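Please consult the sequence and the structure shown below while reading this briefing. The points are grouped by topic.

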Amino acid sequence: MEQYRKGNLAKSLAGHDKGRIYMIVREEEEMVYLADGKKRPIERPKCKRKKHIQPIYQTELSEYQAGESQAKQNEAIQRIIKQYQK
């Protein structure tokens, strides 16, 4: 589905991180991999089932630049999440 696309924001609906905002960094059949740039950097994303997240915002892929270093990607993810929360 389009809503589970890489670069979109999602809210956790279940688990100890319930209510937390993440960015989708990878999608597989039933699973998505999420990062927030702080506790869950792009180097070790959180794996969750699609039914346990709610897609909430579609970002432009240009904001999340996949060609840059992981540190810069983490900073970009943090910035995007912060802008969404305002």
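The model is predicted. Strand β1 (residues 9–12) pairs with two strands, β2 and β5. The largest nonpolar core has 10 residues, and the largest pocket holds about 170 Å³ of space.

**Strand pairing**

- Strands β1 and β2 (residues 21–27) run in the antiparallel sense and are paired over three bridges.
- On its other pairing, β1 meets strand β5 (residues 53–57), again in the antiparallel sense, over four bridges.
- Lys 11 takes part in both pairings: Ile 21 is its bridge partner in β2, and Gln 54 stands opposite Lys 11 in β5.

**Nonpolar cores**

- The largest nonpolar core consists of Leu 9, Ile 21, Met 23, Val 25, Tyr 33, Ala 35, Ile 42, Ile 77, Ile 80 and Ile 81.
- Two or more residues of this core come from each of β2, β3 (31–35) and α1.
- Another core, of seven residues, lies apart from the largest one; its members include Tyr 22, Val 32, Leu 34 and Ile 53.

**Two buried aspartates**

- Asp 17 belongs to the loop between β1 and β2. Its relative accessibility is 6%, so Asp 17 counts as buried.
- Asp 36 is located in the loop between β3 and β4 (46–49). Because its relative accessible area is 6%, Asp 36 is buried.
- The side chain of Asp 36 has a polar atom 2.9 Å from the backbone nitrogen of Lys 38. A polar atom of the Asp 36 side chain also lies 2.8 Å from the backbone nitrogen of Arg 40.

**The largest pocket**

- The lining is made up of Arg 20, Ile 21, Asp 36, Lys 38, Gln 78, Arg 79, Ile 81, Lys 82 and Gln 85.
- Helix α1 (residues 70–85) supplies the largest share of this lining, with five residues.
- By residue class, the lining comprises five charged, two polar and two nonpolar residues.
- Ile 21 and Ile 81 line the pocket and are also members of the largest nonpolar core.
- Asp 36 and Lys 38 both line the pocket, and the Asp 36 side chain approaches the backbone nitrogen of Lys 38 at 2.9 Å.

How values were computed:
Residues are numbered from 1 along each chain as its sequence is written. This is a predicted model: local features need pLDDT of at least 70, side-chain atom pairs count only at pLDDT 80 or more; totals for chains, interfaces and linings use all residues. Side-chain values use heavy atoms; hydrogens and water are left out. On a 1 Å grid over the protein atoms alone, a cavity is a set of points where a 1.4 Å probe fits but cannot get out, and a pocket is an open set with protein on both sides within 12 Å along at least five of seven lines; lining residues have an atom within 4 Å of a point. Grid points are joined across faces, edges and corners, and a volume is the space filled by probe spheres set on the points. Ala, Val, Leu, Ile, Met, Phe, Trp, Tyr, Cys and Pro count as nonpolar, Asp, Glu, Lys and Arg as charged, and the others, Gly among them, as polar. Two strands pair if DSSP finds at least two bridges between them. A nonpolar core is a set of buried Ala, Val, Leu, Ile, Met, Phe, Trp, Tyr and Cys residues joined through side-chain atoms within 4.5 Å. Buried means under 20% relative accessible area, exposed over 50%, partly exposed in between (1.4 Å probe, protein chains only). A polar contact is a pair of N or O atoms within 3.5 Å; within protein, one must be able to donate a hydrogen and the other to accept it, and residues adjacent in sequence count only if both atoms are side-chain atoms.
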